[in-house]
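Here's a quick briefing to read with the model open beside you.

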Amino acid sequence: MWTDFDNDGWIDLVLAGEWMPITFLKNTNGQFINVTSLSGIAHETGWWNSITGGDFDNDGDIDYVVGNLGENSFYRANYQYPAGIYAKDFDNNKSYDAIPSVFLKDQQGQMKEFTTHNRDNVVEQLPVLKKKYLTYKSFADAGIRQLFSEEDLKSALRLHAFNFSSSLLINRGNGHFEIHKLPSMAQMAPVYGMLTEDFNSDGNLDIAVCGNDFGTEVSNGRYDAMNGLVLIGDGKGNFTPQSILRSGIYIPGDAKALIKIASGADNYLVAASQNKDSLKLFRYMPMTEKIIPLLMQDRNIFITMDDGRKRKEEVYHGNSFLSQSSSFITKQAVIKTIEILNNVGQKRVIR
């Protein structure tokens with residue numbers, strides 16, 4: 001995502017990816033410098049797959065929501081017992097072998113690092129282990145460090161993930177962040193599509209998400225526990241999940257992208273894509289609001305509420321997971337003024 005995460009007027013770059021932390025590249029006079037180590041969350045390595053921004057605590061800088069694997073999977077990870085992967089040509093057959101691992105309890109009830117795959121899968125890739133572990137039981141008792149020598153592991157590519165929770169990154173200024181996991185309802189499956197908007201017209205940003213992943217290995221089973229979700233924000237970085245009956249959002253398939261599309265002067269549609277399934281369209285039922293079209297040059301938006309609260313928004317050209325919404329902003333009844341600043345410093349005010 002192209003975004004000004006440190007509020008210095010230069011557009012920076014934030015990256016979400018697998019086996020890596022959320023990565024912050026600071027734009028310094030056109031040169032990008034990796035400042036992730038200064039972010040305060042450099043240790044939060046996960047299987048991040050999407051990111052979107054919004055001023056969720058109404059303090060004038062951009063916070064971020066990042067989609068992750070979730071907490072409803074065979075793969076569990078924390079700082080003491082991470083998920084891992086070891087990769088090299090272990091059997092010297094000129095083929096690169098990647099062996100994922102997780103910590104599970106052994107026969108004595110102690111946490112031990114095992115391969116995530118069973119004997120058949122591992123032996124298929126590494127036939128040399130077939131004679132070493134003749135039975136399924138002997139293989140099941142063997143951890144990573146019994147299967148491979150320390151020398152093998154030492155020279156292998158080793159990656160670890162410590163955090164699988166879809167999370168909110170609260171911007172504390174100067175490129176420093178605090179991480180808070182989203183409510184448990186948002187952890188039921190991988191989160192991909194995300195949309196930020198004040199859905200209930202209370203002056204605070206909310207989040208709509210969709211997810212699932214039907215492309216997993218058969219032995220692991222597909223991730224299909226999410227039906228779409230709306231999280232109502234309180235303006236302080238806290239969120240309350242809404243039921244399907246209350247939100248009207250129902251996206252049960254292998255959902256990925258989530259966008260909003262202008263539909264007239266005072267309404268818009270929310271569209272969700274589902275792999276090998278129908279496109280889901282939802283009409284937003286507004287309270288009192290107006291659709292304000294944005295121009296290509298528009299960059300920052302400063303919103304002032306009737307009660308004096310203020311919020312910053314950015315104009316994105318692509319965000320969340322492979323998504324791009326129509327370029328507009330909604331003026332709701334609680335909004336007093338909207339100041340729109342373009343990329344050459346010109347400003348227009350909407351009351």
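R172 and E178 form a salt bridge (a side-chain nitrogen of Lys or Arg within 4 Å of a carboxyl oxygen of Asp or Glu), with their closest N and O atoms 3.2 Å apart. This is a predicted model, so local features need pLDDT of at least 70 and side-chain atom pairs count only at pLDDT 80 or more, while totals for chains, interfaces and linings use all residues. Residues are numbered from 1 along each chain as its sequence is written, and side-chain values use heavy atoms, with hydrogens and water left out.

**Salt bridges**

- R172 is partly exposed at 48% relative accessibility, and E178 is partly exposed at 31% (buried means under 20% relative accessible area, exposed over 50%, partly exposed in between, with a 1.4 Å probe and protein chains only).
- The structure holds 15 salt bridges.
- D298 and R348 meet at 2.9 Å, N to O; this pair links distant parts of the chain, strands β23 and β27, 50 residues apart.
- D298 counts as buried at 4%, whereas R348 is partly exposed at 27%.
- K26 and D8 make another salt bridge, at 3.0 Å, N to O.
- K26 sits in strand β4 and D8 in the loop between β1 and β2, so the pair ties together parts 18 residues apart in sequence.
- D6 joins D8 and K26 in a network of salt bridges.

**The four-stranded sheet**

- Strands here are DSSP E runs of at least two residues, numbered from the N terminus, and two strands pair if DSSP finds at least two bridges between them.
- Four strands make an open sheet in the order β11-β10-β9-β12, with antiparallel pairing.
- β11 (111-115) and β12 (157-161) are at the edges with a single partner strand each, so one side of each has no neighbour in the sheet.
- β9 (residues 83-88) and β10 (residues 97-105) pair over five bridges, and I85 has P100 in β10 as its bridge partner.

**Pockets**

- A pocket is an open set of points on a 1 Å grid over the protein atoms alone, where a 1.4 Å probe fits, with protein on both sides within 12 Å along at least five of seven lines; lining residues have an atom within 4 Å of a point.
- The largest pocket has a volume of about 420 Å³ (the space filled by probe spheres set on the points, which are joined across faces, edges and corners).
- Of its 16 lining residues, F199, V230, R246, S247 and Y284 are the closest to the centre.
- The second largest pocket has a volume of about 360 Å³, and its 17 lining residues include E18, W47, L69, D213 and Y223 nearest the centre.
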